[in-house]
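The points may be checked against the coordinates as they are read.

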Amino acid sequence: MRVTGLGHAGLKVDVNGSTILMDPWFGPEGAFQASWFPFPDNSALLSDSTLFKPDAVVISHEHLDHLDPWFIRRLPATVPIVVPRYPSPALRKKLAATGERPVIEVPEWEEFELAPDVRLFFVSEPPMNHDSAIVMKAAGRTLLNLNDARMFPFQLREIRAKVGGVIDVLTFQAAGASGYPVCYDYPPDRRAELSTQKRLAKFGYCARLMKVTEPVVGIPFAGPPAFLDPSIAHHNSEMENGIFPDQQQALEWLSARRISNTTLLLPGDAWDAEMRQRDANPSWKDFRFEDRHDYLSDYAERRRPHIENVLARHPAPDDDLW
């Protein structure tokens, strides 16, 4: 099993001659009316033509930083999309809008064979949230991909028991995924205090995940988002001490608490589950998280035409709205 980071919550899993994509997000217009973009930029991976020929795509939930219509439309219509079976039709409707293609809905905890000796099952949050962990078993290895799903300890223990007790690769969200408290009208000092509290609560949850699952390796991903529209670019400051820490900050916080069986996967980096080693993508040799200000400025300039196109399609409403 070889797990390659695709940026944000995207993964490519190569195993037994099959290639499975999970939550790939590459659309040049980002998501949520061009307000969120992957950090760091993952667009260089699109030059790999094999990315567009997977054996299957697995999507955890319907949020558009996980379900990317732009990318799905560029896949052959024969590629199956495998998703959890949710009560709401929202996920099905968004997939239907990408064109006619096989969509396979799998009930919670029910194993599904993606390819020879490649099986998965989903474990969902409470139904109101419509988010699911993805558990893949193949080649004697287990990947537990939590993406945005927040699991209770008893669910994690049940997952471990079902796969035989060993989690080889754990991927988990280490950054916030909502606008609280930065989009609320708090005084600046109170907003900063709440942001720090939310950041530490998220890190604490990551530590508990690592202790309960005891994986061979834990990999923080699924954020932070980059805010490239100039009108909201000030939210990038939340990477410093706020609700959107980067992956390196999450690793350092865990390491300071003696949780060091972790690694970082930038877009194109891979983890070899058999050799238990990280294979770095050489294109990131000069990248430094601490240089984010200049990096984000250049990134925003590259995306400026796409952001302007989105804003032109969504003009500011006039007074008649009310």
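The points below take the helix and then the ring contacts.

1. The model is predicted: local features need pLDDT of at least 70, side-chain atom pairs count only at pLDDT 80 or more, and totals for chains, interfaces and linings use all residues. Residues are numbered from 1 along each chain as its sequence is written, and side-chain values use heavy atoms, with hydrogens and water left out.

2. Helix 6 spans residues 247–256, and its buried residues include Ala250, Leu251, Trp253 and Leu254. Helices are DSSP runs of H or I with at least four residues, strands are E runs of at least two, and both are numbered from the N terminus. Buried means under 20% relative accessible area, exposed over 50% and partly exposed in between, with a 1.4 Å probe and protein chains only.

3. Arg258, which follows the helix, has a positive phi near 65 degrees.

4. The whole structure holds 19 aromatic pairs. Rings of Phe, Tyr and Trp (its six-membered ring) pair if their centres lie within 6.5 Å; planes under 30 degrees apart count as stacked, over 60 as edge-to-face and the rest as tilted. Phe227 and Phe244 are a tilted pair, because their centres are 5.4 Å apart and their planes at 55 degrees. Both Phe227 and Phe244 are buried.

5. Phe287 and Tyr295 pair edge-to-face, at 5.3 Å between centres and 80 degrees between planes. Phe287 is buried at 12% relative accessibility, and Tyr295 is buried at 18%.
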